[in-house]
Amino acid sequence: MADAEMTDAATIGPQPRVLYYVQHLLGIGHLARASHIVQALAENDFEVTLVTGGMPVAGFPADGIDHVALPPIAVGDGGFSQLVDADGDPVDDAFKARRRDLLLATYREKRPDIVILEAFPFGRRQVRFELLPLIEAIEATRPRPLLLTSLRDILQERAKPGRDEETVDLVHRYFDRVLVHGDPTFVRLEDTFPLARSIVDQVVYTGLVTGRPPAAPAESFDIVVSAGGGAVGAGLIRAALEASAQRTDLGRWCIIAGPNLPQPDFERLAAQAPDHVELVRFRTDFRSLLTTARLSISQAGYNTVCDIQQAGCRSVLVPFASGGETEQTARAERLDRMGLAVVLPEDGLSGDTMVSAINRALDLAALPDVPVLQLDGANRTAELLRDLLNKRPASQL
């Protein structure tokens, strides 16, 4: 671990400085949620720097946000335990050191009043080679900035013994607050993190994070299908194409394959698309399209579900469940029980089963005009941060 350096933070001014770190590895959900939050912070008179460590994604962060991009990493074919660089080569110690040094240099230059680490220490253990040195630097700074972790509402179940205990120890030792970007009436941290009661005094719920309400779309589709980043969405796209061929009566379909779907897969699927289906990799107006769609078909990632709820759109959810993933299934099943979605399990995915799910979703009772879940988590995060700064003892300023 690199030696921590003592640095002096300037007095907190009318625009508190926030350094927000996010590392996306497979999909783009972490990056999208972080981008919504930092945009809300900027609009609420915070001076924000977003530090990202994943592959570049068009449209993130929004224009006008101060952005520092570390040399990008992603997961390799071996899964989350293997990190690769932009060329697909395994990262080595020298690569990690370059990232760590750039992150520490950014921290010293920006002199933040608040540092927010997305997911860590509840997740992103793969990048502790740079986050633990950053925490050391924060601890050595006088006055010390606030340190917070930023979590989605539902966590992945841990398989390895001792990980939860290690997480709790790090939270107790270093973190001022745990920001849970969820609605506690929908799901609470203790539902997916067994040791939540031991950190209950540090947990704050913000509500779910969505972007600003979108403008009306320039064009409309009856069915909008999305596969998130697309790295694991080929089966969903294939089933949707088969379903679209059976239900031509439903009107126009827009199928968004995602930027990370391998090009050969995208080309094969594009060759199967009927005339009433538009198959694309990415739509910057995805959230707008949901506002006029009859139905959304998607995985059950955090951001997509938030966008669907904000739009008030009926939905079929196909939760990603491969490799022991549990988060999306837990979210989708809760929404199904509330009558807000229809769940189609990934292991039963086909054109026929998707048509059946579509029929059930279209037969759901009318959705409420007012969102059932708290969806203003981005602005609420800004309020909470300012409140934390205002309540700091004078000795820490």
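Which elements do the buried residues of α5 pack against? In this predicted model, the buried residues of α5 pack against a set of strands and helices made up of β10 (223–226), β11 (253–256), α6 (263–270), β12 (277–280), β13 (295–298) and α10 (351–362). The residues of α5 that count as buried are A234, L236, I237, A239, A240, L241, A243 and S244. An α-helix has 3.6 residues a turn, so residues three or four places apart point the same way. The length of α5, which covers residues 234–246, can be checked against expectation: at 1.5 Å a residue its 13 residues should span 18 Å, and the end C-alpha atoms are 19 Å apart, which agrees.

Stepping back to the whole molecule, the protein chain has eleven helices and 15 strands. Its radius of gyration is 21 Å, close to the 21 Å that the globule rule gives for 397 residues, so the chain is as compact as a globular protein of that length. Along the principal axes, the C-alpha atoms fill a box of roughly 65 × 45 × 45 Å, and buried residues make up 53% of the 397 residues. Of the contacts between residues at least 6 apart in sequence, 75% join residues at least 24 apart.

Among the strands, there is an open sheet of seven, with parallel pairing and the order β3-β2-β1-β6-β7-β8-β9. The edges are taken by β3 (66–69) and β9 (203–205), each of which has a single partner strand, so one side of each is left without a neighbour in the sheet. From one strand to the next, the twist averages 25°. Within this sheet, strand β1 (residues 17–22) and strand β2 (residues 47–52) pair in the parallel sense over six bridges, and V18 has V48 in β2 as its bridge partner. Five of the six residues of β2 are buried, so this strand is largely enclosed by the rest of the structure.

Twelve of the 15 residues are buried, so α1 is largely enclosed by the rest of the structure; the buried residues include H30 and R33, together with L31, A32 and A34. After α1 comes D45, whose phi is positive, near 70°.

Is R152 buried or exposed? With a relative accessibility of 16%, R152 counts as buried, because the cut-off for that class is under 20%. Leaving aside residues up to four places away in sequence, R152 touches H30, R33, V180, H181, Y302, E327 and R331. One of these, E327, is joined to R152 by a polar contact of 3.4 Å between the two side chains, while a polar atom of the R152 side chain also lies 2.8 Å from the backbone oxygen of I154.

Technical notes: Residues are numbered from 1 along each chain as its sequence is written. This is a predicted model: local features need pLDDT of at least 70, side-chain atom pairs count only at pLDDT 80 or more; totals for chains, interfaces and linings use all residues. Side-chain values use heavy atoms; hydrogens and water are left out. Buried means under 20% relative accessible area, exposed over 50%, partly exposed in between (1.4 Å probe, protein chains only). A polar contact is a pair of N or O atoms within 3.5 Å; within protein, one must be able to donate a hydrogen and the other to accept it, and residues adjacent in sequence count only if both atoms are side-chain atoms. Contact means heavy atoms within 4.5 Å. Helices (H or I, at least four residues) and strands (E, at least two) are DSSP runs, numbered from the N terminus. The expected span of a helix is 1.5 Å times one less than its number of residues. Two strands pair if DSSP finds at least two bridges between them. Axes are lines fitted to C-alpha atoms, for helices over the stretch in contact, and angles run from 0 to 180 degrees between N-to-C directions. The radius of gyration is taken over C-alpha atoms; the globule rule is 2.2 Å times the number of residues to the power 0.38.
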